[in-house]
Amino acid sequence: MKVIKVNHNDENIRLDNFLSKTFCNIKKSEIYKAIRNNKVKVNNKKVKFNYRVQYDDEIKIYINNDLLVNNKQSLNVNKKQDFLILYEDINIMIVYKPKGLLVHADVANNNNTLINQVINYLITNKQYDPKHENSFVPSLVNRLDRNTAGIVLIAKNHKTLELLNEKTKNHEISKYYIAKVHGIIDPKQATLVAYSTKNNVKNLVTITKKPINDNSKKIITKYKMISHDDKTSTIEINILTGRTHQIRAHFNYIGYPLVGETKYKNSEIIKDEKHTHQSLCAYKILFNFKTNNHHLRYLNNKIFVLDNKLISINL
């Protein structure tokens with residue numbers, strides 16, 4: 001048997017999700033079975049799987065202790081710091097991620113990732129202690145491809161993560177990118193709508209005018225031209241949906257692939273040897289909240305923009 005006390009970073013999480021996040025060796029099916037068979041009690045009472053845990057709840061779990069390995073025990077952190085801190089308070093970090101740095105571990109289980117570096121930073125600065133947490137790990141609110149540079153939001157606690165996810169879903173957080181594409185883009189500004197279908201095996205998406213199956217997701221991409229030369233255009237992009245490879249695949253679909261793009265490119269476009277990665281940077285983020293929650297009060301109506309030096313390095 002194991003006894004757990006619910007802390008503030010666990011509050012309001014569904015019981016099945018709480019157990020899944022807390023213990024890495026237990027399957028969801030085993031969790032449901034244990035709850036049904038009264039092997040999980042909250043404050044000595046039987047509850048359903050969708051019960052939302054509350055602060056100071058006492059949870060008793062009558063399962064083989066070999067399965068009850070806390071996720072934090074296997075936490076791999078990285079002591080490098082390749083990211084730059086643009087803003088930080090008690091609830092949130094806004095950082096600049098350089099090209100080449102993964103945000104999360106890949107199939108090769110590479111632990112040199114942005115989130116591991118951030119976790120090490122927070123542990124070192126005594127802002128996060130894995131030994132005192134059950135289910136929560138500092139989390140990224142948005143993600144960038146390995147070879148896309150730019151702004152990433154990180155929540156330091158569960159309440160802030162919930163709030164930022166809600167604000168993102170309600171379009172109260174706007175993310176802007178700057179990119180260089182092949183060709184002189186026409187029209188100079190537009191709102192593009194299409195559908196994206198992901199192939200998980202190949203880690204590729206296909207863009208189509210209409211959905212091709214149940215996995216097809218609507219994508220909305222706004223852009224405007226900033227400048228151009230004889231062969232390329234520099235554009236600002238605001239994505240209203242956050243799908244895998246959305247910008248890279250969408251602009252290739254309309255005939256303007258990103259300069260330096262390797263995955264999504266028109267075969268007629270000659271590879272630019274000067275660029276080894278796609279010319280794309282998440283350079284601006286706007287917070288425009290309709291509510292004033294104390295966790296985010298410092299961010300209301302604020303805008304963060306990377307300086308020109310950082311942008312020019314990464315385009």
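1. Where does Asn12 lie? Asn12 sits in the loop between S1 and helix H1 (15-22). The model is a predicted one. Asn12 has a positive phi of about 70°, although it is not a glycine. With 35% relative accessibility, Asn12 counts as partly exposed, because that value falls between the 20% limit for buried and the 50% limit for exposed.

2. Now the overall picture. The protein has 315 residues, and 47% of them count as buried. Its secondary structure comes to 6 helices and 15 strands. The C-alpha trace spans about 70 × 40 × 40 Å along its principal axes. Take the contacts between residues at least 6 apart in sequence: 65% of them join residues at least 24 apart.

3. Start with the open sheet that includes S1. This sheet has 4 strands, in the order S1-S4-S2-S3, and the pairing is antiparallel. Its edge strands are S1 (2-5) and S3 (45-46), each of which pairs on one side only. Further in, S2 (residues 40-42) pairs with S4 (residues 58-61) over 3 bridges, in the antiparallel sense. To find this pairing in the model, look for Lys41, whose bridge partner in S4 is Lys60.

4. Next, strand S9, which covers residues 173-182. How many of the 10 residues of S9 are buried? The count is 9, so S9 is mostly covered, buried meaning under 20% relative accessible area. S9 pairs with S14 over 7 bridges, in the antiparallel sense. Ile178 marks that pairing, with Cys281 as its bridge partner in S14. S9 is also joined to strand S13 (residues 232-239) by 7 bridges, and these two run antiparallel.

5. His171 is in the loop between helix H4 (158-169) and S9. His171 has a positive phi of about 60° although it is not a glycine. At 49% relative accessibility, His171 counts as partly exposed, because the exposed class begins only over 50%. The other feature is in the loop between S9 and strand S10 (189-199), where Pro187 lies. The peptide bond from Asp186 to Pro187 is cis, with omega near 5°.

6. Turn to the largest pocket. Its volume is about 950 Å³. The lining holds 33 residues; Leu144, Asp145, Arg146, Thr244 and His245 are the ones nearest the pocket centre. Strand S9 (173-182) and helix H5 (246-253) are the elements that give two or more residues to this lining. Which element gives the most to the lining of the largest pocket? H5 does, with 3 residues. By type, the lining divides into 10 nonpolar, 14 polar and 9 charged residues.

7. Glu261 deserves a look. Is Glu261 buried or exposed? Glu261 is buried: its relative accessible area is 5%, and that is under the 20% limit. Glu261 is placed in the loop between H5 and strand S14 (280-287). Its side chain reaches the backbone nitrogen of Lys263 at 2.8 Å. Leaving aside residues up to four places away in sequence, Glu261 touches Arg248 and Gln278.

8. Last, Leu86, in strand S5 (residues 84-88). Leu86 is partly exposed, with a relative accessible area of 33%. Which residues does Leu86 touch, not counting those up to four places away in sequence? They are Ile94, Val95, Tyr96, Ile151 and Leu306. Leu86 and Thr291 are 205 residues apart along the chain, and their C-alpha atoms are separated by 24 Å.

Technical notes: Residues are numbered from 1 along each chain as its sequence is written. This is a predicted model: local features need pLDDT of at least 70, side-chain atom pairs count only at pLDDT 80 or more; totals for chains, interfaces and linings use all residues. Side-chain values use heavy atoms; hydrogens and water are left out. On a 1 Å grid over the protein atoms alone, a cavity is a set of points where a 1.4 Å probe fits but cannot get out, and a pocket is an open set with protein on both sides within 12 Å along at least five of seven lines; lining residues have an atom within 4 Å of a point. Grid points are joined across faces, edges and corners, and a volume is the space filled by probe spheres set on the points. Ala, Val, Leu, Ile, Met, Phe, Trp, Tyr, Cys and Pro count as nonpolar, Asp, Glu, Lys and Arg as charged, and the others, Gly among them, as polar. Buried means under 20% relative accessible area, exposed over 50%, partly exposed in between (1.4 Å probe, protein chains only). A polar contact is a pair of N or O atoms within 3.5 Å; within protein, one must be able to donate a hydrogen and the other to accept it, and residues adjacent in sequence count only if both atoms are side-chain atoms. Contact means heavy atoms within 4.5 Å. Two strands pair if DSSP finds at least two bridges between them.
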